[in-house]
Amino acid sequence: MKKKIIILSIVAALSLTAGAQREMNINYGGTPKREVRAVWLTTVKSLDWPETKATSPESIKRQQKELTDILDKLQKAGVNMVLMQSRVRASTIYDSDIEPWDQNMTGTPGKYPGYDPLQFAIEQCHVRGMQIHAWVVTIPIGQWNSYAAQQLRKNRPNMLRKIGTEGFIDPENPETAPYMASICAEIVRKYDVDGIHLDYIRYPDAWKMPSNRAKCRENITRIVEAINYAVKREKPWVMLSCSPVGKHDDLRRYSSRGWNARTAVAQDAQQWLKDGLMDAEFPMIYFKGDNFYPFALDWKENSNGKIMAPGLGIYFMHPAEGQWTLTDVQRQMNYLRQIGLGHTYFRSRFFTENTKGLYDFTINYFDRFSAVVPAMSWLGKTPPTAPSNLRITYEDDKQILTWNAARSTNESPNVSYNIYASLERTVDVSDARNLVAQLVSGTSLTIDTQRPFNYAVCAIDRFGNESEPATIGNAKPGLRTPNLIKNDGRDVLLPPRPNTLDAEYIIFKSLAGVPVAMRSYDGDKIDISNLPDGFYSLHSLGKRGRTHRLGWIKKDTRK
């Protein structure tokens with residue numbers, strides 16, 4: 001059955017350029033095709049979302065609009081994975097048969113918000129070509145006398161411990177592992193999440209740790225094992241990850257200064273990767289200098305071929321939190337890319353609100369192009385079949401790509417599609433800069449141009465394996481190819497402006513029709529030095545909101 005047409009401008013993280021870059025290689029002047037660019041999106045205390053409480057149909061719409069605005073910004077910046085806080089403090093933002101609704105959705109503990117926020121977030125992330133992982137806070141349950149903690153105290157009184165005014169699930173209690181496994185299994189069973197992300201899967205800071213740390217590590221690992229079994233039994237392709245303390249242990253030359261994952265809080269995180277209990281880890285390396293770089297390298301060297309995307313403490317750039325500069329974070333991002341790791345921002349609000357210019361830096365320089373999340377080849381490595389019968393039809397100023405469905409050849413239940421485009425005769429699908437849409441769920445896509453590009457479509461399964469491409473050349477009889485506006489890689493010379501044109505701005509758009517830059521229209525020369533190499537259409541924007549296409553440019557500084 002033919003799937004509905006998806007308009008490219010609302011689908012995914014979209015961008016285009018021609019060029020050659022090999023998959024998994026580090027391109028120091030560009031971007032790798034496979035790379036995790038994640039963000040922690042917090043719901044506890046509404047730190048990132050939501051600001052509006054869902055108490056009426058109108059407020060539900062405002063709450064949802066707040067989330068879609070955040071996701072739009074993340075998509076534009078090239079983020080491809082959202083770690084969505086779903087189990088908060090023994091409470092949830094999803095419809096659970098085990099624990100009550102979290103109060104941050106409505107302002108009232110246990111109250112249904114009138115819709116399912118997690119389901120809404122899943123749909124909105126997927127339509128934007130982003131993965132979404134359910135972030136589960138495991139051990140803490142919040143204030144001992146909170147509504148959620150009281151419900152858990154009624155149902156599981158022997159499983160809990162009180163430390164000061166806070167409540168915690170006891171990692172030493174035999175009930176803990178099956179209980180946490182049931183929480184994660186319920187999410188995976190009910191929702192089409194791409195992953196389960198475990199936070200605080202460790203001993204609490206204030207816990208009086210026994211001297212036998214090996215036994216403590218066994219207690220935490222027992223919980224991880226139970227969750228892994230429950231998740232993979234439901235859906236083998238769901239990525240299981242955690243966020244360990246940023247320093248795994250003391251290194252030969254660098255001390256962890258008493259705060260580390262393995263010894264201090266009994267997280268045997270690197271062993272979990274080795275034993276296949278974790279598919280990915282996001283260590284919270286919220287430090288600088290020698291407290292960051294050697295420990296990041298240690299995570300890389302002990303990743304055992306699994307996915308690794310260290311957390312960056314971008315909140316320290318906020319004046320109320322610390323004195324970090326933008327350069328501090330830039331250097332960490334570049335270093336992680338240099339050693340082949342992804343990165344994760346903590347947390348969303350500090351990123352999308354452009355703290356010290358981080359968002360502008362990311363969107364304009366570092367992460368302009370899309371990237372595909374690395375494949376979990378250790379779970380299933382046989383790629384899907386290739387799509388077939390790729391074809392192009394024309395409608396107004398658009399091109400419609402259509403293809404016959406591919407099929408998965410392993411336990412993945414379905415496939416989606418990555419679409420590539422290039423002016424080159426052969427579309428290089430290993431080049432991230434040719435990726436114009438990813439994780440498209442249907443078998444057709446509308447491209448917002450009639451420019452004759454060559455296209456390739458690859459099927460991708462839930463493990464992240466990509467098929468061989470189906471390709472097509474785009475040579476429509478009689479299609480007029482517009483002349484390219486000249487540029488030298490730094491400036492573009494605009495054609496003479498007609499007297500009737502009241503334009504104030506020039507908008508640069510990707511092939512997908514997505515605006516990527518805007519400049520004042522105050523002369524015949526416009527600076528494009530900050531634009532990545534690629535192909536763009538130029539549009540004027542007038543005082544009354546009218547737009548006119550002026551032409552096309554191809555920026556290629558490799559000449």
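View 1. Strand E14 (residues 398-404) is mostly covered, with five of its seven residues buried, where buried means under 20% relative accessible area, exposed means over 50%, and partly exposed lies in between (1.4 Å probe, protein chains only). Helices (H or I, at least four residues) and strands (E, at least two) are DSSP runs, numbered from the N terminus. The model shown here and in the other views is predicted, so local features need pLDDT of at least 70 and side-chain atom pairs count only at pLDDT 80 or more, while totals for chains, interfaces and linings use all residues. Residues are numbered from 1 along each chain as its sequence is written, and side-chain values use heavy atoms, with hydrogens and water left out. Strand E13 (residues 388-395) runs antiparallel to E14 and is joined to E14 by six bridges; two strands pair if DSSP finds at least two bridges between them. Tyrosine 394 has glutamine 399 in E14 as its bridge partner, and in the hairpin of E13 and E14, which has two residues between the strands, aspartate 396 takes a positive phi near 55 degrees. E14 is also joined by four bridges to strand E17 (residues 444-447), again in an antiparallel arrangement, and here leucine 401 has leucine 445 of E17 as its bridge partner.

**View 2. The open sheet of nine strands.** The strands follow the order E10-E9-E8-E7-E3-E2-E1-E12-E11, and their pairing is parallel. Strand E10 (307-308) and strand E11 (311-312) are the edge strands, each of which pairs on one side only. Within this sheet, strand E2 (residues 81-87) and strand E3 (residues 131-137) run parallel and are joined by six bridges, with methionine 81 standing opposite glutamine 131 in E3.

**View 3. The open sheet of four strands.** The order of this sheet is E22-E21-E24-E25, and the pairing is antiparallel. Strand E22 (515-520) and strand E25 (547-555) stand at the edges with a single partner strand each, so one side of each is left without a neighbour in the sheet. On average, neighbouring strands of this sheet are turned by 25 degrees against each other, direction ignored. Strand E24 (residues 534-542) runs antiparallel to E25 and is joined to E25 by eight bridges; phenylalanine 535 has lysine 554 in E25 as its bridge partner.

**View 4. Helix H4 against helix H5.** The axes of helix H4 (residues 176-190) and helix H5 (residues 213-234) come within 8 Å and cross at roughly 25 degrees, axes being lines fitted to C-alpha atoms, for helices over the stretch in contact, with angles running from 0 to 180 degrees between N-to-C directions. That angle makes H4 roughly parallel to H5, since angles under 35 degrees count as roughly parallel, over 145 as roughly antiparallel, 65 to 115 as roughly perpendicular and the rest as oblique. H4 passes H5 in a right-handed crossing; a crossing is right-handed if the near helix is turned clockwise from the far one by less than a right angle, and left-handed if anticlockwise. The contact, meaning heavy atoms within 4.5 Å, includes Met180, Cys184 and Val188 of H4 and Ile223, Ile227 and Val231 of H5. Its residues divide into 11 nonpolar, one polar and three charged, where Ala, Val, Leu, Ile, Met, Phe, Trp, Tyr, Cys and Pro count as nonpolar, Asp, Glu, Lys and Arg as charged, and the others, Gly among them, as polar.

**View 5. Helix H1 against helix H2.** The axes of helix H1 (residues 57-76) and helix H2 (residues 117-127) come within 11 Å and cross at roughly 30 degrees, in a crossing that is right-handed. Gln64, Leu67, Thr68 and Leu71 in H1 meet Phe120, Ala121, Gln124 and Cys125 in H2, and the residues of this contact divide into five nonpolar, three polar and no charged.

**View 6. Backbone details in the loops.** The peptide bond from tryptophan 49 to proline 50 is cis, with omega near 0 degrees, and proline 50 is found in the loop between strand E1 (37-41) and H1. Alanine 266, in the loop between strand E8 (239-242) and helix H6 (269-274), has a positive phi near 65 degrees although this residue is not a glycine, and at 1% relative accessibility alanine 266 counts as buried.
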